[in-house]
Every structure is written in structure tokens, then in C-alpha cells.
Amino acid sequence: FKGIPQAENALGAPSAPVTMVEYVDLQCPYCAQFESTVMPRLVRQYVRSGQLRIEMRLLAFIGPDSERGRSAALGAGLQGKQFNFTELLYFNQGPENTGWLNDEFISSAYASIPGLDAQAAEKARSSSLVSSQAQTYDDKANTDQVSGTPSVFVGKRGGRFTFVGPGSPTVPVLEDAIKNAISRASKTIRE
């Protein structure tokens, strides 16, 4: 993610013509697969070029480890490091609800992210700001009728978003949705 703008839960240039919203749970094995196989290509091809901005909305469907991980990721996000933190968790994901995502794991993850103030992130985990963000993502998931993770939506910035699915979308399916949104965005600019 070096050199790519990050702000809280967003990765990519704020001026990108297309936004992809992803709802994920840090314990979800399908999310881990999506994040490790699909996302690198999207970041390389569309985010780095300024065409796509990704918003990650963390949910806690699966259990206590999900809650703990979400608050930790949101704490890192307050320093513009949420994507760095979640990538570490996905690459080291343990079995669901086994306690793998404990405070020691979180502290180690924080300590391994260059430029992250681990103490500030730790303090932020239990802040009202992090709790409010989590509630906002839950509310948006309800509005968007999200019933599982990952759930992905794509649309032009400031416009309506289209659900891309069902299930974990593949690179070709997402590329089609992104290219269609880029095309719609460029038509709007020309008009």
C-alpha cells in the first residue's frame, strides 16, 4: 500500500471516479481468500492508477474475534493504516472463534506496521469514535441488505452502487463492474 492514500477505511485517491465498497469480516475465510487473491490485482491495476477508491466496511458477523479485530482495525484506520492491519490479519488468519485474534496478536500486528503508533491505536480500540464507526458500518450493511461476507458494491463516485455477486466476486467479474462504472463516470464528465 506504499504510496497509496489511506484515510480511515478508504484506500485510494479521493478523486477516483469509481468506488468499490467491500463488507468483510476479519474471521471470514472467504474474505481472506478474496483479500489475498483478488484485491492485490485491483489495487495494482485500478487503485494505483487513480481509477478506483476502495472503502472497507468491517463487520463482526462471526463472533468475539471478529469484534476484537474490527475495533483493532478501526483503531489502525484512524492513523491511515487500516488496510495494512487487515492485510496482516488475513494473511495470518486462524480458525473461526478459536481466540486466535487476541490482544497479543493485535499488539504484534500493530508493532509490525511501519509508521503506526501502536499505543495510540491500542487506546483508540475502545474509544467512542471506533464504536460509532462500527455502528455506522452495521447500519449501512442493514441498509444495503448485506447477508454475508464478502459483499462487494461498485459504482461511480457519488452515484448509485451495484451489488457485485453473489458470493466472493472474481477478478473478471469485478473488472467488468469497474470498467462499466468508469465508462459511466467518463460519460457524466463529458456531458
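This is a predicted model: local features need pLDDT of at least 70, side-chain atom pairs count only at pLDDT 80 or more; totals for chains, interfaces and linings use all residues.

Mentor: Residues are numbered from 1 along each chain as its sequence is written, and side-chain values use heavy atoms, with hydrogens and water left out.

Trainee: How many of the 14 residues of H3 are buried?

Mentor: Helices are DSSP runs of H or I with at least four residues and strands are runs of E with at least two, numbered from the N terminus. Buried means under 20% relative accessible area, exposed over 50%, and partly exposed in between (1.4 Å probe, protein chains only). The buried residues of H3 include Asp65, Arg70 and Leu74. H3 is largely enclosed by the rest of the structure, because the number of its residues that are buried is 11 of the 14.

Trainee: Is Asn97 buried, partly exposed or exposed?

Mentor: Asn97 is found in the loop between H4 and H5. Its phi is positive, about 55 degrees, although Asn97 is not a glycine. With a relative accessible area of 41%, Asn97 is partly exposed.

Trainee: What is the relative accessible area of Gln145?

Mentor: Gln145 sits in the loop between H7 and E5, and its phi is a positive value near 55 degrees in a residue other than glycine. Gln145 is exposed, and its relative accessible area is 70%.

Trainee: Which residue does a cis peptide bond join to Thr149?

Mentor: The omega of this cis bond is about -5 degrees.
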